[in-house]
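Let's take a walk through the places where the parts of this protein meet. Have the sequence and the 3D view open, and turn the view as you read.

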There are 4 protein chains.
Amino acid sequence: MMRNTIRIGLIGTGFMGKAHALAYQAAGNVFDDIPRPMLHAVADLDGARAEGFRNQFGFVKALTEWRALVEDPEIDVVSITTPTLFHKEMALAALAAGKHVHCEKPLTISGADAQEMMLAAEKAGVRTASGFNYLKNPLLKYAREMIASGELGEITDFNGIHAEGFMADPETPWSWRCDPAGGQGAIADVGSHIIAVARFLLGPISEVFAQLDTPIKTRPVKAGEAERKEVGVDDIARMLVVFERGCSGTLQANWLATGRNMQLGFQISGSNGTLVFDQERMNELHYYKAGEDPRSNGFRLIESGPQHPPYGAFCVAGGHHLGFNDLKTIEMAEFIRAIDQGVSATPDFREAWEVQRLIDAAVMAHRNGSWARL
Amino acid sequence: MMRNTIRIGLIGTGFMGKAHALAYQAAGNVFDDIPRPMLHAVADLDGARAEGFRNQFGFVKALTEWRALVEDPEIDVVSITTPTLFHKEMALAALAAGKHVHCEKPLTISGADAQEMMLAAEKAGVRTASGFNYLKNPLLKYAREMIASGELGEITDFNGIHAEGFMADPETPWSWRCDPAGGQGAIADVGSHIIAVARFLLGPISEVFAQLDTPIKTRPVKAGEAERKEVGVDDIARMLVVFERGCSGTLQANWLATGRNMQLGFQISGSNGTLVFDQERMNELHYYKAGEDPRSNGFRLIESGPQHPPYGAFCVAGGHHLGFNDLKTIEMAEFIRAIDQGVSATPDFREAWEVQRLIDAAVMAHRNGSWARL
Amino acid sequence: MMRNTIRIGLIGTGFMGKAHALAYQAAGNVFDDIPRPMLHAVADLDGARAEGFRNQFGFVKALTEWRALVEDPEIDVVSITTPTLFHKEMALAALAAGKHVHCEKPLTISGADAQEMMLAAEKAGVRTASGFNYLKNPLLKYAREMIASGELGEITDFNGIHAEGFMADPETPWSWRCDPAGGQGAIADVGSHIIAVARFLLGPISEVFAQLDTPIKTRPVKAGEAERKEVGVDDIARMLVVFERGCSGTLQANWLATGRNMQLGFQISGSNGTLVFDQERMNELHYYKAGEDPRSNGFRLIESGPQHPPYGAFCVAGGHHLGFNDLKTIEMAEFIRAIDQGVSATPDFREAWEVQRLIDAAVMAHRNGSWARL
Amino acid sequence: MMRNTIRIGLIGTGFMGKAHALAYQAAGNVFDDIPRPMLHAVADLDGARAEGFRNQFGFVKALTEWRALVEDPEIDVVSITTPTLFHKEMALAALAAGKHVHCEKPLTISGADAQEMMLAAEKAGVRTASGFNYLKNPLLKYAREMIASGELGEITDFNGIHAEGFMADPETPWSWRCDPAGGQGAIADVGSHIIAVARFLLGPISEVFAQLDTPIKTRPVKAGEAERKEVGVDDIARMLVVFERGCSGTLQANWLATGRNMQLGFQISGSNGTLVFDQERMNELHYYKAGEDPRSNGFRLIESGPQHPPYGAFCVAGGHHLGFNDLKTIEMAEFIRAIDQGVSATPDFREAWEVQRLIDAAVMAHRNGSWARL
């Protein structure tokens with residue numbers, strides 16, 4: 001029996017372009033219940049980079065025109081990994097061509113644009129996905145189950161953060177990330193991840209207050225040069241949120257956190273238990289279960305293992321560690337499976353729009369100095 | 001040469017009463033540059049408890065009337081460890097009697113009362129102190145020095161929390177802590193500690209926004225009984241703050257954090273470094289120093305040692321661990337030393353009032369749904 | 001330009017069979033400087049399993065006869081992942097057929113057999129490799145560099161362990177792992193890893209003393225049945241070793257360590273520094289550098305990143321985590337690269353024989369109750 | 001009711017002298033069920049130091065002649081904190097004078113001398129104690145209970161170490177610790193602690209093999225000087241041990257472990273559970289309990305609290321941390337209580353002799369290159 005295949009077109013050859021290429025390839029090998037993704041075409045304005053990708057990953061075609069890619073009738077799925085600013089145009093074109101679309105996070109530069117993309121997707125009747133890869137961690141899936149089943153009791157608090165340090169040096173040059181035309185700053189760039197995690201675990205958010213902070217007001221136009229340009233977006237976003245389910249919490253986003261590479265973490269407390277997670281130790285979930293013998297009770301260090309699906313698809317032995325690329329592989333496998341089964345992927349454009357709506361509401365709350373309702 | 005002595009009167013025989021008695025005794029032994037504190041009198045409404053303290057700790061007198069204690073001419077210092085509600089009356093009486101006064105935190109139930117106490121103290125010209133024991137950690141003193149010396153560069157973020165779980169069970173009975181007449185809830189009970197830490201490290205706070213949250217609306221009047229009483233204070237306080245120095249941050253207080261015993265922690269980021277601390281591992285300070293060889297750089301686990309005064313007064317060898325009672329000992333030693341030298345102790349009633357003012361401002365910000373300025 | 005390819009034959013479809021299949025596929029995608037491995041044939045006595053692998057991973061052929069595989073002229077590389085007992089026969093046949101051979105660890109059941117395999121390989125003039133995947137961790141490569149460059153000063157101690165708990169329950173049934181005919185127990189099964197790590201970092205071992213311990217004397221023939229069979233091998237091996245370079249250390253192997261999934265760890269001390277590693281947190285290396293300011297010095301938590309090659313081939317951002325399968329991918333890429341460049345892979349059969357020699361010497365030391373020289 | 005008192009004579013004013021003075025004082029305050037220790041006399045050859053102690057701690061007398069102290073009829077208990085070499089003579093004199101004697105560890109420089117001291121003590125009919133303070137940790141007491149009650153099942157392994165770095169620098173000068181006339185090196189200086197811990201938890205040791213290692217062969221006679229002197233003792237001791245109860249393990253002692261201040265740790269595995277402890281985080285015990293739901297099982301971080309006696313005597317709230325001096329306080333309180341109740345203290349001279357016997361056996365095993373039986 002030959003497995004079905006599904007043909008992929010990839011736009012962009014940066015950090016995420018490579019992550020997608022690797023993940024599609026791996027998804028077909030790790031998971032045998034999905035059509036095998038075939039890398040069909042890669043597009044990049046820089047033809048040499050596209051050609052390099054073709055050679056490295058085995059794409060059939062290397063293109064310089066993304067429009068040629070989205071219109072290629074042989075392609076089933078389009079993956080968009082360019083800077084945020086370009087997502088919308090590319091996604092709309094791909095949707096118009098009837099493709100299933102995976103678009104990296106943040107989905108786009110505003111809630112309004114995200115809504116337009118979401119509505120286009122729903123009208124097109126195709127499957128969509130957005131790159132909130134951290135949700136794919138088997139331990140986060142398990143955390144969600146614990147919460148949903150009531151194992152933690154009534155949830156009273158969510159304390160979440162995504163902090164990295166890649167912009168911490170005031171001499172790190174100005175880039176498209178600093179330009180409001182290119183997106184909403186740290187709140188979207190890193191913050192969208194912790195927002196997605198909060199929603200994944202606890203559901204919709206109904207109210208938000210926020211302070212957006214830009215400690216580094218200007219940056220060099222080029223590294224080492226004297227000329228500086230104003231930073232138009234936030235470096236740090238501090239949000240207070242109320243979830244529809246009733247509990248509240250905090251969400252923080254920060255790209256100035258010197259020394260942090262991947263502090264995507266949370267502490268969730270409920271009347272019967274507490275969960276603590278940090279992506280810096282992504283194979284560990286810390287769980288306190290109330291009501292046990294107080295002499296021997298304490299936070300349990302749960303190590304990821306085959307008892308936490310789909311870890312077992314990667315390795316039959318617990319504690320052997322998944323890595324970042326494995327999360328991306330799960331993400332792609334779930335997207336392909338959703339396409340194959342004709343169901344919505346999680347998170348899809350609708351979910352990505354919800355994230356973006358919250359960002360917009362937070363920006364408004366910041367400007368008004370008052371709570372914003374969604 | 002005989003050391004001078006100083007006579008102590010202690011009001012209250014609970015958790016903090018014992019901590020004070022132990023700390024005064026230890027202070028005189030650990031530190032040889034201060035007058036030796038002599039436990040003179042202890043007062044408790046419950047005469048048997050007072051007598052028990054006299055026997056256990058060697059107080060000269062055991063009293064049931066605190067007024068007799070504060071007026072005892074042989075006493076130099078009065079330590080107040082009763083529930084918050086009683087602090088003000090006792091402190092004012094002790095100040096009126098010309099005593100130096102140590103009063104546990106939170107200083108009292110409102111900023112106005114705190115101000116009255118502070119003004120009375122300054123008028124009396126005596127020395128005061130309030131029980132923010134966690135500031136006495138040698139590692140926090142070192143952290144403060146690092147910040148003050150610019151070693152962390154420009155500070156961009158303070159992310160602070162004090163979370164414990166002692167009220168996490170909805171069946172934990174109603175107590176004076178749940179009564180607004182007795183104080184301001186978690187924001188004061190545990191929150192005052194993280195506020196004090198934030199101020200200790202980064203200085204005054206000029207603006208605050210807050211959400212006060214009471215997930216557990218009612219509690220049993222008595223354990224196991226059906227009758228329930230409304231909780232009048234917050235269980236969780238989430239604050240956004242702006243420091244006078246320009247940077248911003250978050251402060252969270254929570255007494256519903258199931259499984260947490262002493263999560264008094266912070267992360268401070270600056271352009272040149274980051275510090276991370278958690279009182280759960282109070283002998284460790286984590287420090288990331290920017291600009292080192294990237295292959296071997298990472299957060300350093302600094303262990304408390306004699307290079308962090310006054311650790312060396314307890315133990316000449318590093319990494320041997322101070323405990324909670326040692327912090328209390330440092331606190332009392334510093335108070336006695338301030339009395340001896342005729343200088344202000346840190347933190348004194350003025351500082352405790354500043355903490356309380358911030359709490360009042362946070363409550364107002366919560367009610368108004370808008371930023372409050374101090 | 002089309003990349004060269006290299007055709008792989010895989011024997012065995014268990015835990016390691018899958019790991020190899022995934023790793024060969026990934027190696028061709030992650031690394032673009034090697035011939036792309038093509039999964040040509042898979043062999044398993046159980047035809048359905050072989051066929052399942054063909055379908056899942058895209059092998060061209062599924063076989064039930066491993067001999068057909070090793071003799072297939074289209075195959076360049078044979079990967080052996082069967083139980084240890086079968087390694088020798090398969091490897092010798094593959095070598096005789098002129099194939100490059102990757103054989104899982106432990107190489108075989110005795111030093112004598114390992115030597116035979118090593119000599120056959122060297123005579124055949126092909127490339128060999130053995131599955132000590134943990135050596136492929138970019139942080140271990142960096143640790144080795146630090147040691148070699150003298151950054152740690154004179155090495156004084158190596159304290160190594162590999163402990164897992166998969167045999168901890170006395171009711172876990174007897175299996176081929178318990179049979180001396182199938183190998184040497186925990187000392188080979190898990191111990192070979194820590195031996196390989198010790199040699200990788202510090203070079204040859206010249207003397208060994210050992211205690212082999214079998215706390216669980218018998219195990220059920222089948223799960224839940226009363227009939228029990230004697231365990232003929234060690235559950236725990238405790239070794240003292242002297243390295244040729246002069247320093248000494250300990251090596252421990254244990255498969256009864258309840259709760260441990262992957263405690264492959266070491267502490268190496270030198271006069272100028274100390275390194276601590278545990279595979280349970282495989283993306284972290286702890287490093288103490290002597291001579292820094294004592295107030296701010298401490299163990300540094302180095303997070304794996306692109307500054308530790310070949311991490312960057314997987315992900316351009318530090319702290320994003322490699323996983324177990326990524327180590328296997330590096331292993332296969334390095335093997336293919338060695339084949340392509342006509343140089344020895346590390347570790348090859350000679351190195352695997354050295355590991356096995358040490359195991360033999362340790363067994364002898366245990367029996368004689370005295371040091372064994374190598 | 002006045003509490004009884006008991007009068008203490010202290011010999012030595014170094015690190016341990018201060019620790020004893022503080023601990024006796026604190027013991028009387030923290031524990032109300034014991035006679036209050038009164039600091040009566042302190043002796044040091046250096047009269048100024050003795051006088052300083054009198055002033056700091058409130059001793060009644062300061063002496064330069066230790067013999068005057070041990071013969072002082074007002075003294076009930078003699079505490080010996082001088083270098084090891086002097087322990088025996090002082091202890092025998094104190095025993096001859098009918099005093100109860102506390103002598104720091106290691107008890108003396110050889111097993112024969114230790115036996116002589118033990119026999120003298122038993123003949124004198126007084127109470128003795130030796131300073132294995134780490135045994136006094138409430139979490140170690142709890143660990144011992146767990147083992148004794150069978151909660152961990154059949155114990156299969158003990159992996160223990162005591163490593164510090166205070167001699168790691170080859171330029172650290174020669175001292176009495178390097179002189180075989182003064183004791184047995186790291187095996188006694190730090191190793192005696194981990195031996196005592198192993199015996200405390202698992203009982204007597206019946207066989208030992210050892211390698212004693214001296215990587216730093218010579219040290220400067222004085223800091224910074226060229227003249228060097230041979231180190232006559234071990235820097236590192238690596239032992240394999242068999243416990244009478246049947247299980248085996250390893251014990252390591254090391255004073256060259258660069259960067260380590262207090263790595264006194266162990267991992268104990270049993271068929272039903274595993275315990276992991278490290279004095280570097282002395283308020284934490286890690287416990288894996290077999291047989292729980294595998295999805296949520298993992299090592300539990302048990303924090304020290306009032307549920308682990310006698311923690312509650314120090315603090316009513318869990319997770320507030322005991323420190324090193326608190327362990328010493330428990331040690332002295334238990335010694336005084338044993339005196340008061342007329343029962344043996346733990347550990348007494350007999351136990352200290354058992355530790356020393358093991359050290360002697362290990363030295364012999366090292367010399368012979370074969371197992372030594374006790």
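What follows goes from the inside of one chain out to its two partners.

## Before we start

Keep in mind that this is a predicted model. The tour begins with chain A on its own, then moves on to chain B and chain C.

## Inside chain A: two domains

Which stretches make up the domains of chain A? Domain 1 covers 5-133, while domain 2 is made of two pieces, 135-322 + 346-373. Their centres, taken over C-alpha atoms, sit 25 Å apart. The two domains touch: 29 residues of domain 1 of chain A are in contact with 25 residues of domain 2 of chain A.

Putting these domains together buries about 2,200 Å², with 66% of that area on carbon and sulfur atoms. On the domain 1 side, look for I109(A), M118(A) and F132(A), which lose the most area to domain 2 of chain A and together make up 28% of what that side buries.

## What holds the view between the domains

There is 1 salt bridge between domain 1 and domain 2 of chain A. You can find it where the side chains of R350(A) and E122(A) meet, at 2.8 Å from N to O. Besides that, the domain boundary in chain A has 11 residue pairs in polar contact (both at pLDDT 80 or more).

Which elements of domain 1 supply at least two residues each to the side that touches domain 2 of chain A? They are α4 (87-96), β5 (100-103), α5 (111-124) and β6 (128-130) of chain A. The largest share, 8 residues, comes from α5(A). Sort the residues on this side of domain 1 by class and you get 18 nonpolar, 9 polar and 2 charged.

## Chain A meets chain B

Now bring in a second chain. Two copies of a chain are related by a rotation about an axis and a shift along it. For chain A and chain B, the rotation is 180° with 0.0 Å of shift along its axis, and the superposition has an RMSD of 0.0 Å.

The contact involves 40 residues of chain A and 40 residues of chain B. About 2,900 Å² gets buried between these two chains, and carbon and sulfur atoms give 53% of it. The interface of chain A and chain B has 2 salt bridges. In one of them, the side chains of D157(A) and R238(B) meet at 2.6 Å, N to O. There are also 20 residue pairs in polar contact across the interface of chain A and chain B (both at pLDDT 80 or more).

Strands show up a lot on this side of chain A: β7 (155-163), β8 (205-213), β11 (236-243), β12 (248-254), β13 (263-270) and β14 (273-278) each supply at least two residues. The largest share, 5 residues, comes from β12(A). By class, the side of chain A that touches chain B divides into 16 nonpolar, 20 polar and 4 charged residues.

## Chain A meets chain C

Next, turn to chain C. Chain A can be laid on chain C by a turn of 180° and a shift of 0.0 Å along the axis, with an RMSD of 0.0 Å. That is the relation of a two-fold axis. The residue of chain A that comes closest to this axis is G323(A), at 1.9 Å (C-alpha).

How many salt bridges cross the interface of chain A and chain C? There are 2, and one of them joins the side chains of E284(A) and R281(C) at 2.6 Å, N to O. The count of residue pairs in polar contact between chain A and chain C is 26 (both at pLDDT 80 or more).

Conventions:
Residues are numbered from 1 along each chain as its sequence is written. Chains are lettered from A and ligands numbered from 1 in the order in which they are written. This is a predicted model: local features need pLDDT of at least 70, side-chain atom pairs count only at pLDDT 80 or more; totals for chains, interfaces and linings use all residues. Side-chain values use heavy atoms; hydrogens and water are left out. Copies are superposed by least squares on the C-alpha atoms of residues with pLDDT of at least 70 in both. A salt bridge is a side-chain nitrogen of Lys or Arg within 4 Å of a carboxyl oxygen of Asp or Glu. A polar contact is a pair of N or O atoms within 3.5 Å; within protein, one must be able to donate a hydrogen and the other to accept it, and residues adjacent in sequence count only if both atoms are side-chain atoms. Domain bounds come from an automatic or database domain assignment. Contact means heavy atoms within 4.5 Å. Buried area is the accessible area (1.4 Å probe) that two parts lose on being put together, summed over both. Helices (H or I, at least four residues) and strands (E, at least two) are DSSP runs, numbered from the N terminus. Ala, Val, Leu, Ile, Met, Phe, Trp, Tyr, Cys and Pro count as nonpolar, Asp, Glu, Lys and Arg as charged, and the others, Gly among them, as polar.
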